[in-house]
Amino acid sequence: MIYTRSRRIRRRSLLRCTLCGLEIGKGEEYWSCNGTVACRACLPDLARRELAPCREIRGEEARP
């Protein structure tokens, strides 16, 4: 397949969610955090990953 210059440029400018790989279209919201780009559907997963160091389990809290 032969690509024209404009098609190659458009192809390079695609923005994809780094968690699920889906394209993020023009006008769609997304989140960019520490090098990860997340679409709306993957936002909860991104939040869990980023907040993992803050995670605690009730009854197993660190004692001084």
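The model you are looking at is predicted, so to speak of a local feature takes pLDDT of at least 70 and a side-chain atom pair counts only at pLDDT 80 or more, while totals for chains, interfaces and linings use all residues. Residues are numbered from 1 along each chain as its sequence is written, and side-chain values use heavy atoms, leaving out hydrogens and water.

E29 forms a salt bridge with R40, with 1.8 Å between the closest N and O atoms. Here a salt bridge is a side-chain nitrogen of Lys or Arg within 4 Å of a carboxyl oxygen of Asp or Glu. The pair links distant parts of the chain, 11 residues apart: E29 lies in the loop between α1 (5-12) and β1 (30-33), and R40 in the loop between β2 and α2 (43-51). R40 is exposed, at 57%.

## A second pair in α2

The whole structure holds two salt bridges. R49 and D45 form one of them, at 3.3 Å from N to O. These residues sit four apart in helix α2, so about one helical turn separates them.

## The nonpolar core

Seven residues make up the largest nonpolar core: C17, I24, V37, A38, C39, C42 and L46. Strand β2 (residues 36-39) gives the most to this core, three residues. Such a core joins buried Ala, Val, Leu, Ile, Met, Phe, Trp, Tyr and Cys residues through side-chain atoms within 4.5 Å.

Notes:
Buried < 20%, exposed > 50% of the residue type's maximum accessible area, 1.4 Å probe, protein only. Helix = DSSP H or I, 4+ residues; strand = E, 2+ residues; numbered from the N terminus.
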